[in-house]
Amino acid sequence: MRLLAVGAAVFSFASTALCAEKGNLTKPLASRLILPSTFKPAQNFKNVNLVHIINLEKSYPKEQINVVIENIASTSQDEYFIPFTSQQMATIGGLEVKDKKNPDGGLFEAGAVEFDPESDTQFYRVRLEQPLAPKAQQTLGITFSYLSALHPLPKNIGQQETQFLVYEFSAYCPSAYVTLKQKTEVKFPSGNVPEYTIVAGGDAESPQKAGSKFTYGSFGEVPAGAFEPVKVRYEFTKPLIHVSRLERDIEVSHWGGNLAFEERYTLHNHAANLTKQFDRVQWASQQYYNPPSTAIKELKFPLKVGSLDPYFTDVIGNVSTSRFRSNKREANLEIKPRYPVFGGWNYPFRVGWNADLKKFLRKLKTGQGYVLNVPFLEGPKQSEGMVYEHIELRVILPEGAVNVKYSTTVPLVSEEISLHRTFMDTTGRTALTLTAINIVDDFRDRELIVTYDYPLLAGLRKPLVIFATIFGLFVATWAIGSIDVGIKGKK
Amino acid sequence: MESSLHQVWESAVGDAFVPTVGKGSQFLLGFTLLTVGLLLSGLFGLNRSIINIGAIGLPASLAIAFGAIYMICAVGVYV
């Protein structure tokens, strides 16, 4: 008995260590360029005019910086640096930079650089499409979001109470360069903002309020790295949906003409916790009026038209509280968790569905190539938004597929091509695994395009294996049947 | 905003992948082929000879091989 207890303790310690390692994946996965520890961005630019827009309408802060930059160096420059604190660096997601004047142009190459892991200031480096000539100007549009940056205050509320969130930022937009003129706009979900910081300076008293929009500034010349802390507390009685891990499998079947999707969610609600026990009677009596709540009641998946055979299961088994509306115009999967998911509660579940392959796969004219176009993310579309801390997307191609290439506009941290062994496989199917971290639901409609070669012989591998087995059985039957096992002597 | 292989996808428009056998006919074909394979196997059992391995065993094996593939697809395990 004692041995059992010791064994259980050792096992729990080992599993804790393993889980801790898994939970820390966020940092090591981010690919970074290492710079010398003395690094400091050269003052090659100045920000002529900057507008910083902070959007708090969803359950995560989405920031946009529109800035007119001017090259003040004597030579052409193409490297622009954006500073972040190390805390922001760990939770920032989906940083994209493009030329504001040329919205059809591509995204600029942007990546995190690391020079001193101990430093609190880290940088993202943006490489301009073309070097900017001296004294020339360019307008950049920089967008990004932060995960886990909003905190409920108070931390515990009643089941029917209003929730308030706190967000801290700087009234001066963090920049590695001198900024001549700037303002910061904050968009709230409603006009109910009981607490906010008042900033001295600027043209008038900051913030100026216009409905649910607050404006800090405009401010005059501000040196590089200037920081003016601002804290706002606003009403947001909606859930803070946080997916700590999403595993999404897409399985291609040429024989079946089918594309199978399966998504496994580890879902959390980061909203304020309940002050006391959940009251089912109070909950049920209020549902008729549909009051605003911090609980996750329903998740809506707008799938591609033509999706079929959906399922929704959790650790117990099938969950019957789901609806699938499918017709010529839409295919909506609406699922209700087994219980309302309040702040601090978790709900792991899985959903899956099939689709006809012909809408997603095309044959290339040359050789035996195929091109597959699938959505990178097809998670729930919620008005309050949701965030994904870790996404592992696996595209399982047919057995024998070779020469796999892919492209997507979603920022990735790792890629891997491996073998996935399942029913009736001999060598295993080619699986492309892509990992992304800190992704918000704005990336929902991004496409993933995969090309691969699938030779005819590889396609015929499965029936050939069965054929060989059965034919071998016939030969064995004949061979064994013709052995003379009689006991009478030869005549 | 387009990914680099977007052009490849666009250039293949009109060449949508069409499976050899549609989802609706998989069960019928799989069932028929498996039945034929089973009957041929029975026939082989009545007269096991080296000639019948080629004459009956070969088509029976082929029928069972393709029948099994389509039957597995028809029941929802898309191999």
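A nonpolar core is a set of buried Ala, Val, Leu, Ile, Met, Phe, Trp, Tyr and Cys residues joined through C-beta atoms within 7 Å. Buried means that 20 or more other C-beta atoms, placed from the backbone, lie within 10 Å of the residue's own. The model is predicted: local features need pLDDT of at least 70, side-chain atom pairs count only at pLDDT 80 or more, and totals for chains, interfaces and linings use all residues. Residues are numbered from 1 along each chain as its sequence is written, with chains lettered from A in the order in which they are written.

**View 1. The largest nonpolar core.** This core has 122 residues. A:Leu259, A:Leu372, A:Val395, B:Ala65 and B:Ile69 have the most contacts inside it. Helix H3 (residues 50-74) of chain B gives the largest share, 12 residues. Helices are DSSP runs of H or I, at least four residues, and strands are runs of E, at least two.

**View 2. Around A:Leu372.** Neighbours within four places in sequence are left aside. A:Leu372 is then in contact (C-beta atoms within 7 Å, placed from the backbone) with A:Val252, A:Phe360, A:Leu361, A:Ile449 and A:Val450.

**View 3. Chain A against chain B.** Here 39 residues of chain A are in contact with 33 residues of chain B. Elements of chain A that each supply at least two residues to this side include strand S18 (241-253), strand S27 (369-375) and helix H6 (461-481). H6(A) gives the most, with 11 residues.

**View 4. Domain 1 against domain 2 in chain A.** An automatic or database assignment sets the domain bounds: domain 1 (29-235) and domain 2 (241-463). Their C-alpha centres lie 32 Å apart.

Conventions: Contact = placed C-beta atoms within 7 Å. Buried ≥ 20, exposed ≤ 12 C-beta atoms within 10 Å, placed from the backbone.
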